[in-house]
Structures are given as structure tokens and as C-alpha cells.
Amino acid sequence: FNTFSDLLGASHDIDARTQLSPFRGLSVGLSWRTAWSSSEEIDFRILGEGDPIDPGDPDDPDDPFRRASAPGDIERSVGRRSGSGESTVFSFGGGYRDVVEAHVARYQRDSGRPPTEAGQIPSEFLSPTGYAADFTSILSRGMGAFGPNGLFQIPVPNWTVSYSGLERLPLLRAVANQISLQHGYSATAQTQFATIFDPGSRTSEYNGQTFASAAALAEDGFDEPTSVTVNERFQPLIGVTFGFKGNIQTSFSTNRTSLMTLNTPSASVYEKTSRDLRVDLSYARTGLSLFGLRGLNNNIRFQLTALVAGDETSTGLPLQQDVLNLLDDDPETGFTPTTPQQTSRLQISPQISYTVSNQVTANLLAQYERTDSEISGQTNRFTGGVSLRILFSN
């Protein structure tokens, strides 16, 4: 055959932001974002003498694929597509157990449907599309769906909030010249998809019934999700900044992030949750004369950052097995026992900066980090350094 291929691709990114100040001292930032991309590879062949002819379906007047009917005609194949989409979403309120229970509810809802003439029940039970749909319905909420087979979310706003002005309170006025509160929330859902051409692999058997997904009923390929990732971040969950009189400033923040990824071909889930507490302290002293010389100042700045963090990771949570266990066994014991891997970190970073003049600056910094992991044990690392900058100018 004389064959050739055509590769088509497209990407889109929509980002919107706004800042609101309902009253003095309060600032609210809102952001929406959605991005999606896809690529499609289409094969063509020029029919030659003696080549077999595929006339297509003569009873289907809406057949979208061009079929070759004579030597010299060009025949177009079904395109192989792949791509991804990502949107800002709301992700609070659900977890892995809720995803399992949602898929069990899908079976209970669909098992009573009348079968087709082939004896199959149209349902996404135990299918990659069904897993992805239940995963996103529990862990990510948008304003609707779009894209191939509704795989992507219409975005909802994420936000940052800050409030300043607490230093005006009588009890705080004497010790602080600036106090502010911060809070931030962001979450994204990303879906990867690809076209499959093996409808027979998308039927499943359970309890004497055969379930056929939309992919199994499609004749010319089906755009199916291959993975879904939901990333939620409270950064900070709560943050406070104090500017004390005497050039001392300190801030406290606690952050939480969670990441869940569904691999649809293996029906398994990866989950990681991280929490940390961060403290920053700084002190600055400026305007000190050096050796009584005018034009030379000894400006000193000390900074100290301390971080305490912990990670909890679960790898390969067996979604399909837990669904079947929950259908077959007692609900309290239906979940496969797993032991999350725990990791903790302690990090301390002091830094001292000296500015002798506009031309001479020196920095002394150090960092100590200790990591405790159930897999690799305890590791300690210390780094440090000195930098000196001298600026020559006419």
C-alpha cells in the first residue's frame, strides 16, 4: 500500500484573575484556569491495483470516514487521539473510601437495567471511564463538563485571602506595627485520555451479568481516560505575620496539600498527604556608623526559617479489588488493608547579611535538614556557605 500519516495538534489555555477589596484591610484574590490539548494521528492509503477494498457500511449514510472504492482513491483511517485537560476545581469533602462506595452505588443502580439483544447491560461499572467518572465526581467539582466525552471540568474559582489591620487593636498597638492574616486555597483536576480500538476488552463480568461500557459499544474507537490527578493545596491553611516594634518580624503558617492519582488501566490509586508548619523570624538593624566614617553604614539583617513537615503516602490502592470486596463482604472489612508510608522532615536555615556600603555586601548562611523515613531510615544533611559581593563603579 502507499500510505502516509497526518498529525494534528492543538492546545488552549484560559486564565482569568481578579482582586476584590470588600472593605479596608481585606483583600480577596480569585483565579480561574482551564487548559486542554489534544493530538490526532490519521493514516491514509492510496488504493492500488489488486488491493482489497473496504466499502465501509453501505447502510450507514452518516459514515464519517472516507472509504476507498476504486484504485487511486484515498482511504482514511480512524484517528488515534490523545491529550489532556486541567481545570481549577473544588476538592474538599471526599476521600478514597467515598470513591469506592460511589462505584459500588453505580453497580447497584445499573444492575437492574434491561440488557441489550446481545445480553449485555450498558454500564460503566468496572470500566476505566466509570472509575474516572466516580473519582472526579467525589474529589473534584466544577461547573460542568466539556471536552471529549465530557472528561474535562469547567473551572471554578480558587482564592487567596489576606487581612491586615489587627495592629490597631488596643492590646496589640503597643507591641506591633503590622499584623496580617493569610489564607489560600487551590485545587486542580487533570485528566489524560487516549483513543482505544479494542471494544472487547471493555466488557466485564460480575454476579452472572455482563456489563458493556460505551467503549465496548463504540465501532470506530473511543476516547477513554487513562489517568486522573487531583491536587489540593491549602497554602497557607492559616498564616499570621507579626511586625513588632524594634525591627523584628515573624510569621507562622501551616500548610496542607493532598495529591490523588487514579490509573484507570490498573484501577489503582496513589495518594499522598503533606502537612507542614513554617516559622520565619527576621531582625534588622540599620544606620550604624562604622569607625566614625560618614557614608559607611553597618546594616545587619538576621533571618531564621524553621520547618517541620510530615508526609503520608499510599501507593497502589486497589480500587477494583476494594469495589468487589465491598460488594461481596461486610462493608467494614471490605477494604484491602494498607499501611501508609510515613516521612517527617525538620529543616532549620539561619542567615546573616551585612551591608557595609552600597558597594560591599556579605552573607553567611547555613541549613540543617533531618529526614526520618520508614523506608530509608534517618538521614542528616548540613550545608553552608559564605558570599561576598564588591561593586566597583566610577
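Asparagine 149 is placed in the loop between strand E6 (145–146) and strand E7 (152–153), where helices (H or I, at least four residues) and strands (E, at least two) are DSSP runs numbered from the N terminus. The phi angle of asparagine 149 is near 55°, a positive value in a residue other than glycine. Most residues other than glycine have a negative phi, and most peptide bonds are trans.

The model is predicted, and local features accordingly need pLDDT of at least 70 and side-chain atom pairs count only at pLDDT 80 or more, whereas totals for chains, interfaces and linings use all residues. Residues are numbered from 1 along each chain as its sequence is written, and side-chain values use heavy atoms, with hydrogens and water left out.

Helix H1 (residues 96–110) packs against helix H5 (residues 319–328) at an angle of about 60°, with the axes 9 Å apart; axes are lines fitted to C-alpha atoms, for helices over the stretch in contact, and angles run from 0 to 180 degrees between N-to-C directions. H1 and H5 are therefore oblique to each other, given that angles under 35 degrees count as roughly parallel, over 145 as roughly antiparallel, 65 to 115 as roughly perpendicular and the rest as oblique. The crossing of H1 and H5 is right-handed, a term applied if the near helix is turned clockwise from the far one by less than a right angle, with left-handed used if anticlockwise. On the H1 side, Tyr96, Val99, Val100, Glu101, His103, Val104 and Tyr107 meet Leu319, Asp322, Val323, Leu326 and Leu327 of H5, contact meaning heavy atoms within 4.5 Å. The residues of this contact comprise nine nonpolar, one polar and two charged, with Ala, Val, Leu, Ile, Met, Phe, Trp, Tyr, Cys and Pro counted as nonpolar, Asp, Glu, Lys and Arg as charged, and the others, Gly among them, as polar.

The axes of H1 and H2 come within 9 Å and cross at roughly 125°, and H1 and H2 are therefore oblique to each other. This crossing of H1 and H2 is right-handed. Asp98, Val99, Ala102, His103 and Arg106 of H1 form the contact with Gly130, Tyr131, Ala133, Asp134, Phe135, Ile138 and Leu139 of H2, and by class the contact has seven nonpolar, two polar and three charged residues.

The pairing of E5 with strand E11 (residues 209–212) is parallel and extends over two bridges, and isoleucine 121 stands opposite phenylalanine 211 in E11.

The count of aromatic pairs comes to 15, with rings of Phe, Tyr and Trp (its six-membered ring) paired if their centres lie within 6.5 Å, and planes under 30 degrees apart counted as stacked, over 60 as edge-to-face and the rest as tilted. The rings of phenylalanine 125 and phenylalanine 211 have centres 5.1 Å apart and planes at 65°, so the pair is edge-to-face. Phenylalanine 125 lies in the loop between E5 and helix H2 (128–139) and phenylalanine 211 in strand E11, so the pair ties together parts that are 86 residues apart in sequence.

Strands E16 (residues 341–355) and E17 (residues 360–373) run antiparallel and are joined by 11 bridges, with threonine 361 in E17 as the bridge partner of threonine 355. E17 also pairs with strand E18 (residues 377–390) in the antiparallel sense, over 14 bridges, and E17 and E18 form a hairpin with three residues between them.

Key
Pairing = 2+ DSSP bridges.
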